Amino acid sequence: MSDSTMQHNLDLARQSILAPADLGETDLERVFGRLMGPKVDAADLYFQVQRHEAWVLEDGIIKEGSRSLDQGVGVRAVSGEQTGFAYSDEIMLPALLEASSAARAIARSGGAGRLQAWKAGEGLALYQPLNPLDSLSADEKVALLRELDAEARRQDPRVEQVVVSLAGVHDVVLVATGDGQLSADVRPLVRLNVTVLVEQNGCRESGSAGGGGRTGYECFLDSDRLKGYAREAVRQALLNLEAVEAPAGTLPVVLGPGWPGVLLHEAVGHGLEGDFNRKATSAFAGRLGERVASPLCTVVDNGTLPGRRGSLNIDDEGTPTQCTTLIERGVLTGYMQDSLNARLMGMRPTGNGRRESYAHLPMPRMTNTYMLAGPHAPEEIIASVDRGLYAVNFGGGQVDITSGKFVFSASEAYLIENGRITRPVKGATLIGNGPDVLTRVSMVGNDLQLDSGIGTCGKEGQSVPVGVGQPTLKVDALTVGGTQVG
Amino acid sequence: MTESALSPAVQRQLPAKAELAEPLCEALEEATRQGATAAEASVSSSFGLSVKVRQGEVDTLEHMRDRGLAITVYFGQRKGTASSADFSRASLVETVRAACDIARYTSEDPCAGLADAALMSTDAPDLRLHYRWDIEPETAIDLARECEAAALGVDPRLTNSEGAEVSTHQGIHVYGNTHGFLGGYPASQHSISCVVLGRIGESMQRDYWYTTARDPSALQAAIAVGQEAGRRTVQRLGARRLSTRTVPVLFTPTAARSLFGHFLGAIQGSSLYRKASFLLDSLNTQVFPSWLTIEEQPHLPGALGSAPFDGEGVATRPRTLVEQGVLRGYVLSSYSARKLGMQTTGNAGGIHNLIVHPGAMDYSQLLQEMHRGLVVSHLMGQGVNPVTGDYSRGAAGFWVDNGEVAYPVEEITIAGHLKEMFKRIQAVGRDVDIRGNIRTGSVLVEGMTVAGE
């Protein structure tokens, strides 16, 4: 907890968002006067100024650079289960009042709302309130791209193409709620990525690596980190040149630590978001207290990890983030909530109310979702498998929260034969059933890792940065979508 | 709903082209003033309304309004890009300066620059892309209610809903560059959609249906949309798994669209010059069976993918992309064309109505033709390697035996290699889905690996 961080962020947000528009707190009161009413249960204003930049190196040259400035305010009124929403890219009083009239029309009857005195909300201090776009000079950014390019090309003569991208976001948000709470957050976010294409005897493969988090760009100046990305991208691409057809069918699967935690994000994460459970559209609806995983599995959603891509000091409704235990030793213990769904379900908000921008409505979303470490050594887990798949890297995944079926696509995988890792196999999609896949987890490693800061989650057309993680784990039976039958 | 406050946003007029051309031209002039040798910019403005009804009650009512200006400046062969939603004079200057600053750090790129002046669209046809839908929120809510009620009324096993949504959007987009080209046109898109859930015992399924069109009078009736959503959900109830096997697969039109999406990804310029395509060097070679024809039709009146010019002002042209199964063209912008030593195909920003020529058979005839195999109606996940063409995706659909649907299936994957899958296409149906930029009927592909229990 840090009151001084919140105060600093509030000052900064007032100065960079409200002051240029000549908006004061009395103006906000006027807006709420129009927005609130007897039938309105909750209302909020979400002010945002976001600066974004991206740089791309390709064919050894700095090919593209872009900067964007996006700002606006989202106005929401909630009455029962009903939400009225309007937004404007003009942060000005007339636009705010117009948006308020449009949003509050959801509540049928009119009437003057009254607002208590403004008070500052609480928040965490998980990252510096800095502007990553200013954390390096343009010369330094360009040099960084070039160094990573050179590093990747140095790895192997078979490297044909290298694309490096660097992106940074400086996001300043101010949330004002109908109960008089003012909260602000200054959110830096950076991302560096390298993709290589290798060629050998007319066969081509690609590989990519990267990372980032809520810091400035200087985290990438560590040359070991840079070399690590280059090595990893080239290693993956070369490995896939050697890969044989993946098996087709249901077999034991050992998932590596870190990013393969996308399993949890898809198999259980989405299904445990409050909105789907309030509406009973999730395969997990009504199952609190039931066993949904083996006793080895404890899964949390934790928005409070310092500097992580999925972390937030406050969520987009002004609620401080927290660590929510979703599954404890196999038993379903919690959902991820925003304020609307928490209220309607008689639960507490968990700091998971997130939105892509001021132009989108908040909903329950994940932050950093991972499984806690277990008792087994990773080698022991692999040694326990006669014939199976060892999958260590993944593309994305998807879930149908109603049927519970989910997929995630391996981009680096190996056959396990007689307890040993043998040949690399081509990428393949794995498919399973969320409510029972974790009941088939028979071993959990002692090597919990989080991903390197690369995840983006999409839900109902909205993208937000997230994190995943897990230790090495073994699922006794999972369907592997290769082409090799038998 | 009685509040009159609902109305202003709905009755809002789109700005005239000239109104957007003003900040655009100012930005181009400012770029020249700041030393750019060339520049291009686009300005857009749009608004919309969306209502969602769930279990008979309003769930959300959203008013949308967006604006944006993006500018790319060139200093010889170096470029920089910036964008903003603020059209004020001060902000324009600032946005242009940001783009110019970036161009000081980007490299000389021999392929960078505007498209050739000679290729600019001169007499842009009116493609009838803009239709207002003056629907009051109250009426939209009623439509959504009707739609959802029709869906839930299909079968008593349909017990829950994610709701029915009615939305209307209008926008205008203007593009200009320092060749003196300035073009723009308004466009609209209106939709009705519905998602309902059914249950048998412990297992639940959901499915959806939607209608979308530029002209609201071309929309399917709300009740029909609902009934179709309901019918589709009921069909999925009681889905089983399959054992692992190799069988023919019939992709429904919605699922088949993604196959041609992968095809487009592989023949677009940026994939080709990066050599990141499984169709590298495939021009004038046999990619599909010899009976298959694919066209690009950018000028279909009122179609969702129609455009008189592309993202660089280059006139779009109808063309045959695949003729008797042979690939006759790529999908290029001026940049990727220069990288490949070719001419732009007017596809900066993408394809404009990809039309896969339909065959003679309807859906039930295709089932007969397949006789025994898998219908794939839903695909999940990414699972496609664009460099190698390796294909492995999650799927759900129906098992077909003796030319008829036997039962729904789920939790399986289908796998193959796109290059081979394209060659093994046995038939394209005449059940064409026109709700998008890629128009195809069902597609029957032989010999895919299904993984299951």
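A residue here counts as buried when its relative accessible area is under 20%, as exposed when over 50%, and as partly exposed in between, using a 1.4 Å probe and protein chains only. By that scale Gln55(B), at 44% relative accessibility, counts as partly exposed.

Before going further, here is how to read the model. It is predicted, so that local features need pLDDT of at least 70 and side-chain atom pairs count only at pLDDT 80 or more, while totals for chains, interfaces and linings use all residues. Residues are numbered from 1 along each chain as its sequence is written, chains are lettered from A and ligands numbered from 1 in the order in which they are written, and side-chain values use heavy atoms, leaving out hydrogens and water.

**Chain A as a whole**

Chain A holds 10 helices and 24 strands; these are DSSP runs numbered from the N terminus, with helices being H or I of at least four residues and strands E of at least two. Its radius of gyration is 24 Å, close to the 23 Å that the globule rule gives for 486 residues, so chain A is as compact as a globular protein of that length. That radius is taken over C-alpha atoms, and the rule is 2.2 Å times the number of residues to the power 0.38. The C-alpha trace of chain A spans about 75 × 55 × 35 Å along its principal axes.

Of the 486 residues in chain A, 63% are buried. Contacts (heavy atoms within 4.5 Å) tell us about the fold too: among those in chain A between residues at least 6 apart in sequence, 76% join residues at least 24 apart.

What happens in helix α6 of chain A, residues 262-269? Eight of its eight residues are buried, so α6(A) is largely enclosed by the rest of the structure. Among them are Val262(A), His265(A), Glu266(A) and Gly269(A).

**A few residues of chain B**

Gln55(B) has a phi near 50°, a positive value in a residue other than glycine, and sits in the loop between β1 (38-54) and β2 (57-75). Arg128(B) also has a positive phi, about 55°, without being a glycine; its place is the loop between α3 (89-103) and α4 (137-152).

| Residue | Relative accessible area | Class |
|---|---|---|
| Ser377(B) | 15% | buried |
| Gln55(B) | 44% | partly exposed |
| Arg128(B) | 47% | partly exposed |
| Asp66(B) | 31% | partly exposed |

Ser377(B) belongs to strand β12 (residues 373-380) of chain B. Its side chain makes a polar contact with the side chain of His378(B) at 2.9 Å. A polar contact is a pair of N or O atoms within 3.5 Å; within protein, one must be able to donate a hydrogen and the other to accept it, and residues adjacent in sequence count only if both atoms are side-chain atoms. Leaving aside residues up to four places away in sequence, Ser377(B) touches Thr252(B), Ala255(B), Ala396(B), Gly397(B) and Phe398(B).

**Where chain B touches chain A**

Asp66(B) lies in strand β2 of chain B. Which residues does Asp66(B) touch, not counting those up to four places away in sequence? They are Tyr87(A) and Asp89(A) from chain A, together with Ser44(B), Ser45(B) and Ser46(B). The side chains of Asp66(B) and Tyr87(A) make a polar contact at 2.6 Å. Asp66(B) is also 6.2 Å from Phe47(B), C-alpha to C-alpha, although 19 residues separate them in sequence.
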